[in-house]
Amino acid sequence: MPLLSRLLTGFRALLRKERDERDLDEELRAFLEADVEQRMQSGMSRRDALRAARAHIGSIEAVKDHTRDAGWESRLDSVGRDVRYALRGLRRSPGFTAVAVLTLALGIGANSAVFSVVNGLLLRTLPVTAPERLAMISTQQSLNDGFGAGWNFAMWDQFHHRAQLFDGAIAWTYFPQQFDLADTGESDPADGLFVSGEFFSELGVSPLLGRTFLPEDDELGKEREHAAVISYGFWQRRFGGAPDAIGRQLMVNRAPVTIVGVTPPGFLGPEVGRAFELALPIGSAPVILNERTWAKPEGRSYLAVMLRLKPGQTRDGASALLRGMQHQIIDAAMPRNGIWGEVQDDMMKDPIVLTPASAGTSELRRQYSQPLLTVLAIAATVLLVACVNMANLLLARATSRQQELQVRLAIGASRWRILQQMLVESLLLSAMGASLGLGVAAWGGRTLVAQLSTWFDRIVLDVQLDWRVVAFTGGVAVATGVLFGMAPAITAFDLARHGGGRSPIGARSTDSRRAVALRGGLLVAQVALSLVLVVAAGLFVRTFQKLGEVPLGFDSDRVLVVRVNASRSTADSTIPSGSYVRLLDAARGVPGVAHAAVSLNTPVNRGVTFVTDFRGVGGRDLPLKERRSIVNLVTPGWFETYGAAITVGRPLQESDTKATAPIVVVNEAFAQKFFGGHSVVGEYIAPEIRGDFDRPQPLLIVGVVSNSVDQSLRYEAVPAVYQPVAQFTRPIPMAEFSLSLRAASGSPAALTRSVSAALTSADRHLAFSFHLLEDQVRGARNQERLVAWLSGFFGVLALLLAAIGLYGVTSYIVARRQMEIGIRLALGAQRADVVRVSVGQTAITTTIGVVVGLGAAAIVTRYLKTLLFGITPLDAATFVTAAVVLMAVALLTCYVPARRATRIDPMIALRSE
Amino acid sequence: MAPADKQSALVQGTLDMLILKTLALEPMHGYGIGVRLDQISRGIFQVNAGSLFPAFRRLERDGLIKAEWRTTDNNRRAKYYALTAAGRARLARATRDWETQAAAIARILRASPGEI
C-alpha cells in the first residue's frame, strides 16, 4: 500500500478519533447482538444468551483497547510513553542531564545565533510589497568591481522618465550618511536618507502616522517647505513617540524641515545593516547639502536606482529594454561637451544590468558574507564536537543499562521498539538543548550585531527569531539528536541482544568489541575536530595580532580628528580663500593642543581618498595604470601632529605659499615606485590631469616621509603625495575638511569641549564632529577582531568539550576496570604502572586524533586564506601550538581519573562484585 | 475470556491470513467471520473479539480489506468487510508461503532418526 495513503488514513484516524470510537462501539454492539441471536436460535432464552455472549466477548473495553493499538497512530502513543519514560530516566540522573542539555544549548544556540545574523543579513527579504519584483539598475563594470552602480541625478531623471515601462522606479542615497540636527557647533548626528518622491508608496511602506512623500515633495529647485519622514526608532528616541511630532520642525544641516510622517517599526530602509532615522526627498538635497551641482551632469554619482518589474516581466527582458535605450539615456543625461566626452564614452561601453534586489542592497553583506559563513562553519564544527561528546556519554549510559535492555528484549520488545526508545531519549535531550539554545541565540545574535557597529557605522540588523531561524534550530536539533543518538542506540541494542557476556573475572559484564571500537573512533574524531577548530582560532587570532602590528606610520594615541563641515559658513570656503587659517589659529590657541593641522583627508577615516596620476620627471616610465598616487592637501604641522618621520629633506613650511614655487613631500613608496628608490629630493613630478584644465606646473620634491597606512591596514604602503593647501590653486570648494590636533599630554578626548568652544567662536556656522584617531584605527580592524573573538571563543569551547569528553571516557574506563586494577595492585603492581596504563590508552587515542586533526586542518585552512593577514594558512607556529595545547589538555584531563585509580583498595574492588 | 479460546495456539501472523481467506469467499461482517472460522476449522480455532477487531483494524489500515455498513439478512446494521485487490494478492502470497513452510515443517517432524 502506498505510504502516502497509509499516512493519510493514520492521520485521519488521529483527527477523527471520536467518530472512529462511535463506529467501533456500534460494530461491537452488532457483533454482540449477532452472537445473542445465534445462541437464541439454538434454544437459549434471550437473557441466558445475552449473558453467555457477554461472557464470551469478555471486557468490551479491553477489546477496544487492543483494537486501538492496531493502527500506526498508536505508535504516537508509544512515543508518548517513551517520552515519559525518558523524562523519568533523565530526572534520575540530573548531573548527566544538566551537562548534556547545557552542552547542546551552547552548541545549538551558537549555531542559531550565527544563523540568525546570516538570516538577517543574507536571507531575509525586505519587508515591502512583492520584494521579488525589485531589481537594482547597475552596470557590468560596477558589478565586476563588486559594488553596485551609483547614478547621478541627471541619470536618475532619465530612468525616472521611463518608469512606466516598468511598475515604477525609485532612487535613494545614504550620502552624506549623517544629517546634522544641531543649530550650531558640534554636530548632533542622525542617520540620513534621501529618497525619491514615490519611494515609500512604490515599496508599499505605508506610514504609521501622518503621510509619506508625494511626488511634489520631490520637485527640484522650488521654494517650499522641506518635508521629512522619520523612522519609528527616531520618533521614539527623539519625541518619545509623541503623536504631535507630525508638523514639528527640525533643523537639518541648518535648514528647516517639517516632519510629515513616521514609518512603521519593521521598515529600516532599503539597505540591510543600516537603519535610516530621517528621510528627505532627493529634491531637497541641493538646499540641505548646499550643493549647487547636484542636478547637473557633473553632480556626484551616489544615487542607487531600483525598478519594480511588472508582473510577468523578466529581469533579462527589462535589462534588454534598458540597454536598447542606453545611448539615449546617457546622451540626455550627459551632453557631449568638453571633458564629459571621455566619461560618456566609458559609460556607453558599459552595459546596464539589472540585479535581483528582493533582499535589498548591503555594503555590510559584501564585507561580512564570507566571515559570517566561516564562523557558521566553525560553529557547526563545534556542534559536531558536542555531538561526539554526547554520543560518548550516551554510549556509557547505554552500556550500564544493558541489563534493563536485555530484560526488555527477553519479554518481547522488538528491535525497533528499543531503537525508538533510545532515539526518543536523545531527541528529547536535543529538543531541550534547542529550546534553551533559542534563548542563547536571541542573546548571541544581538550581541554579535552590536559588535558589528564601529565609530563610523551604526549597524542595525533585524535578527529576530523568525520562522527561518526556528526551523533551522529545529532541523539542527533533530539532526544532532539522531547523530549522537544513533550510534549508542545501535550499540545498546547490540549489547542487549548478544549480551555482553560474563567476564571471566567477576560478574560485571564487559563492553562489546564494537562499543570499544566506536568509543575509540569517537574520541579520535573529537580530538581531530577540536584541533581543527583550535588551529582556525589560532590563525584568526594571529591575523588580528598581525594587523595590530602593522606599522601605522603615525601615532594614533594622541590625535583628535575634527571633521569640519563649512557648507553653511558665510565665509568663502573655497581653498584658495584661506578661510581655514582662522580655524587653525583658533585651535592652536586652545591650551593642551601641541600641534594642529588642516587636511583634506585623514587616515583610516573611511572617507573618499583623492588620487591623481603622476609622472616623475626623469623618473621611471610607468605604464598608464601604475601612475596613480594618493594626494592629500595638508598644512604645515601635519607631520608633527601625526608624528610621521621625515626621512630625507624637509617638511612643509609656512613659507611655502602661493608666491613660491610649488613643492611636495612624497612618501617612501612613491619614491620607490616613481624613481626606483633614488634620492628624490630635488626631483620634479608632474600631475597628469585629463580634461580641459590648465596644465599644472611640475612640483618640486622637498622631502620624503615614511610610509603610513591610508584606509585599509591590509594593503601594502601605497604611493602618497602631500601638497601644501596654500599652494593649491584650483578653486575647488572645501566644504568638508579635517582638523587634526595632537594633545600635549593625556587623552586627546579631553580637548573636545574647549576646541568646540574655540571653533564656534571663530565661525558659528561651522558644523563639526570629533573622532579619536585611536577609535578609527580600531574600527579598521573590526571585522578581524570579530572573527578572532568568535573563533577564539569557539576554539576554547571545543577544547573544553574535548576535555570533558576525555575526562568522561577515562573515568569510565577506570571505573569499568576497577577490579582488574584492584587485582593488579593486590599482585604488587606499582601505582605508577597503573597510572601509565590508564593514561596510555587515552594518550594513544589523542595522538591519533591530533595527527588526523593536523591533516584535516591543513586541508581546511586554505579556504580561510582571504580572511588571513600576515600569515599563511599553514602557519607552522599555529599548528604546533595547537597540537601541543591539545595534547597537554588531553593528558591533564585523563591524569585525574587515572590518579584516582591508584587509590583503589584491592579488597573493596574485589568485594564489590 | 472463554477457556475454549484456542487463539494462543494460532501461529503468529496466521490470523490475518485466515481472515483474508474467509473474506475471499464472500464479504462478511465481524461476527460472521468469527463463526465461519470456527465452522471451517471444525472448532479448532475459536477466535474472540479481542483478537478479531485489532486484526480488522490492521488489515483495513494496510488496505487489504475495506469496510462498509450494510443491512444483514435479518435487517440489522452491520459492518461488512470485503477483500481489496491488494488483499487478494497478499492472500495468494501468504498461502504460497504458508504451504511451502508447512510442507517443510511437516517433513522435519516426520523425519526418522536415520535421516537426520
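Reader: Which helix of chain A does A:Asp20 lie in?
Author: A:Asp20 lies in helix H2 of chain A, which covers residues 17-41. Keep in mind that this is a predicted model.

Reader: Is A:Asp20 buried or exposed?
Author: A:Asp20 is buried, because its relative accessibility is 16% and the cut-off for buried is under 20%.

Reader: How far apart are A:Asp20 and A:Ala686?
Author: In sequence they are 666 residues apart, and in space their C-alpha atoms are 95 Å apart.

Reader: What does chain A span, then?
Author: Along its principal axes, the C-alpha trace of chain A spans about 130 × 85 × 50 Å.

Reader: And how many helices and strands does chain A come to?
Author: The secondary structure of chain A comes to 29 helices and 23 strands. The chain is more spread out than a compact globule, because its radius of gyration is 38 Å, while the globule rule gives 29 Å for 913 residues.

Reader: What share of the residues in chain A is buried?
Author: Buried residues make up 50% of the 913 in chain A. As for the surface, chain A exposes about 41,200 Å², and 58% of that is supplied by carbon and sulfur atoms.

Reader: What about contacts in chain A between residues at least 6 apart in sequence: what share join residues at least 24 apart?
Author: The share is 81%.

Reader: Different topic. Where is A:Asp875?
Author: A:Asp875 is in the loop between helix H27 (831-860) and helix H28 (876-902) of chain A.

Reader: Which residues does A:Asp875 touch?
Author: Leaving out residues up to four places away in sequence, A:Asp875 touches A:Leu539 and A:Arg542.

Reader: Buried or exposed, that A:Asp875?
Author: A:Asp875 counts as buried, because its relative accessible area is 12%.

Reader: How many positive and negative side chains does chain A have?
Author: Chain A has 93 positive and 81 negative side chains. The centres of the two sets lie 10 Å apart.

Reader: Now cysteines. How many disulfides does the structure hold?
Author: The structure holds zero disulfides over all chains. A disulfide is a covalent bond between the sulfur atoms of two cysteines.

Reader: Is A:Cys894 buried or exposed?
Author: A:Cys894 is buried, with a relative accessible area of 0%.

Reader: Why does A:Cys387 count as buried?
Author: A:Cys387 counts as buried because its relative accessibility is 4%, and the cut-off is under 20%.

Definitions and conventions:
Residues are numbered from 1 along each chain as its sequence is written. Chains are lettered from A and ligands numbered from 1 in the order in which they are written. This is a predicted model: local features need pLDDT of at least 70, side-chain atom pairs count only at pLDDT 80 or more; totals for chains, interfaces and linings use all residues. Side-chain values use heavy atoms; hydrogens and water are left out. A disulfide is a pair of cysteine sulfur atoms within 2.5 Å. Buried means under 20% relative accessible area, exposed over 50%, partly exposed in between (1.4 Å probe, protein chains only). Helices (H or I, at least four residues) and strands (E, at least two) are DSSP runs, numbered from the N terminus. The radius of gyration is taken over C-alpha atoms; the globule rule is 2.2 Å times the number of residues to the power 0.38. Contact means heavy atoms within 4.5 Å. Accessible areas come from the Shrake-Rupley method with a 1.4 Å probe; for residues, only the protein chains shown count as cover. Lys and Arg count as positive and Asp and Glu as negative; His and the chain ends are not counted. The place of a charge is taken as NZ of Lys, CZ of Arg, CG of Asp or CD of Glu.
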